[in-house]
Every structure is written in structure tokens, then in C-alpha cells.
Amino acid sequence: MGLIFSLAYSGRIWSKSVTRLWIGLAVFILITVGIGYWENNLQVWLNVFDSLIAVGIGTLLFVFLFRPNSDMNKAFAFLLVFQVIYSLLRNWLFMSSIYTLTQQMMQTYQTYLKKVPNLNLNADMILGLQQFMLKYQIAIWGSMQVAAAFLGFLLFNRSSALKRPIRFIKLPYVVSYLMLAALVLCFYRPLRILGINCLICMAAVYLIQGTAVLSYYWGDFFAKAKLLGALLVLAVIFNYPMLLLIAFIGLLDVWFDFRKFNRKEEKNESNSN
């Protein structure tokens, strides 16, 4: 939630000076670190680092990259990759804290689930769910941050004068190398779980580009038929094969350029020359 609202609010402070942005970041750091020292436990420090790095620094880097030449694709791609990289570091630095939080969360869920009639959950099912959440913690948290960045971007477009419609999102070619690296890790047995986690995160990244491709061709139609568009979004969210297909379309767009952006850029350059 923090990343969503910080990106949305960054559209309102666009015209502020760089000095005021740094002052705002300094105040934010002092407050969050102060909360960490006050509580002084691993769980709170995990939240502090999430707020400082994933939300605070991530949003600030997005603003600084976008401000000089208004290159939304570069700034947004950097933000997405930054969230994925931080999810890897987060899991490595705070593994013990994440394990403790997962245990506490499962105990809470178990308490509520026992109140549901005709629902029988044995100890093995609870343990299996806990192991799944720990095993794919990077993918779960990283994908959620990528989704939060996308929602924040949508709100940013509403509040900023420099709007960039979804249909024009196109990730730089270099991002595809991260997808390839994650795929290679999946075939290396000692690091297979890490590779699967990274692959899921990168699939979430290219799901955004796939959505941009679909919006480019059918966005105007669904803008007029809003109810049909909402029903389609709900149907896609709960259809995992469809999500994978859209992510695959986003990845293929890197090479096949479905929206012909590269050709248009080359044509504009030739006309200017």
C-alpha cells in the first residue's frame, strides 16, 4: 500500500525542487528509523527497511529518473527491477524474521479457519502451506510489489501533468536478460527454487507489458464498455493460464514489437535527419 500511495503522491510533488525532495526523504528516514529503534525487534526492522528501501528510495529513484527527460519507460522499468532485486536481498537479510512472521501468520489463520464450519484442516496441510509461503516468499512479495508499482503508476497518471498511458509502456530490451538469467537458474538444481522465484517475479513484470500491448489494441473499446472491461479483468485475474499468456505476449513484444514502436522511432529519426 505504501508504494501505491507514494507513487501517486509523487505526481503531486513533481514541480517541487530537488532540495525539498531530499529534505522530505531525510524526514521520512528519521521517522521510520526512530520507530525501529523504539520497538527494536526484527519484525519492526523488516517493516522499516521495506518502507525505507522499497517505498522511499524506490519512489525517489523513479522521480529522479523521470524528471530530466520524461523517459517514463526507463524510470518505470528501473522501479520494477528495483523491487525484484530488493525482494531477493530482503529474503537473504531477514530470513529468520520472515520465518517467524510466517509462523505467527499461520497460527492466526488457523484460529480463524477453525471457526469456519465444515472445513477440516489437519496439521500436515497447515505445515505444507507454511512451507510453500517460505519457499516462494521472494515470488510472493516481489510480485505484490510489482503489482503495487503498477497500481501506483496508474494513480500517478491521474495526478501528474506528465501522463503516460498504459498502452505506451515498453520495457527496455536489457530487462529481458534478467528473465533469461532467471530461466537459466531454473535448470541449475542447487539454485532451482531461487530461479523459479525470480522467474515468477519477472513474469509479473512482463505481465504489465503484455497488458500494455492489449490496451494498445483494445483499450479504446473497453473504455467505452466499462462493465464488460471490468468483467474481463476479473475473469483474467482468476485465470492463471491467461495471466501467463499475457505475460508471454509482453515478453514476445520485446522482439516482435507488436505496437511497431521501434519502426515509428526510426521513421521519426529519418524524418528529422
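Biologist: What is the relative accessible area of Y217?

Modeller: Y217 has a relative accessible area of 45%, which counts as partly exposed. Buried means under 20% relative accessible area, exposed means over 50%, and partly exposed lies in between, with a 1.4 Å probe and protein chains only. This is a predicted model in which local features need pLDDT of at least 70 and side-chain atom pairs count only at pLDDT 80 or more, while totals for chains, interfaces and linings use all residues. Residues are numbered from 1 along each chain as its sequence is written, and side-chain values use heavy atoms, with hydrogens and water left out.

Biologist: With which residue does Y217 form an edge-to-face aromatic pair?

Modeller: Start with the rule. Rings of Phe, Tyr and Trp (its six-membered ring) pair if their centres lie within 6.5 Å; planes under 30 degrees apart are stacked, over 60 edge-to-face, and the rest tilted. The structure holds 11 such pairs. In one of them, F132 and Y136 have ring centres 5.1 Å apart and planes at 50°, so this pair is tilted. F132 is partly exposed at 45%, whereas Y136 is buried at 17%. The partner you asked about is Y216: its ring and that of Y217 are 5.1 Å apart centre to centre, with 80° between the planes. Y216 is partly exposed, at 21%. Ring pairs also link F168, Y216, Y217 and W218 into a cluster.

Biologist: How many helices and strands are there in the protein?

Modeller: Helices (H or I, at least four residues) and strands (E, at least two) are DSSP runs, numbered from the N terminus. Here there are 12 helices and 0 strands.

Biologist: Which residues touch the most other members of the largest nonpolar core?

Modeller: In soluble globular proteins, nonpolar side chains tend to be buried together. A nonpolar core is a set of buried Ala, Val, Leu, Ile, Met, Phe, Trp, Tyr and Cys residues joined through side-chain atoms within 4.5 Å. The largest one here has 35 residues, and F62, F76, L80 and Y206 touch the most other members. Helices that each supply at least two residues include α3 (42-66), α4 (72-93) and α9 (192-224). The most come from α4, with 8 residues.

Biologist: With which residues is F76 in contact, leaving aside its neighbours within four places in sequence?

Modeller: Contact means heavy atoms within 4.5 Å. On that basis F76 is in contact with F62, A149, F150, F153, I169 and I208. For the whole protein, 76% of the contacts with a separation of 6 or more are between residues 24 or more positions apart.

Biologist: Where is the place of I57?

Modeller: I57 is in helix α3. At 35% relative accessibility, I57 counts as partly exposed. Leaving aside neighbours within four places in sequence, I57 is in contact with L52 and F82.

Biologist: How many disulfides does the count come to?

Modeller: A disulfide is a covalent bond between the sulfur atoms of two cysteines. The test used is a pair of cysteine sulfur atoms within 2.5 Å, and the count comes to 0. For C186, the nearest cysteine sulfur is that of C198, 8.1 Å away. The sulfur of C198 is 6.4 Å from the closest cysteine sulfur, in C201, which is too far for a bond. C186 is buried at 13% relative accessibility, and C198 is buried at 10%.
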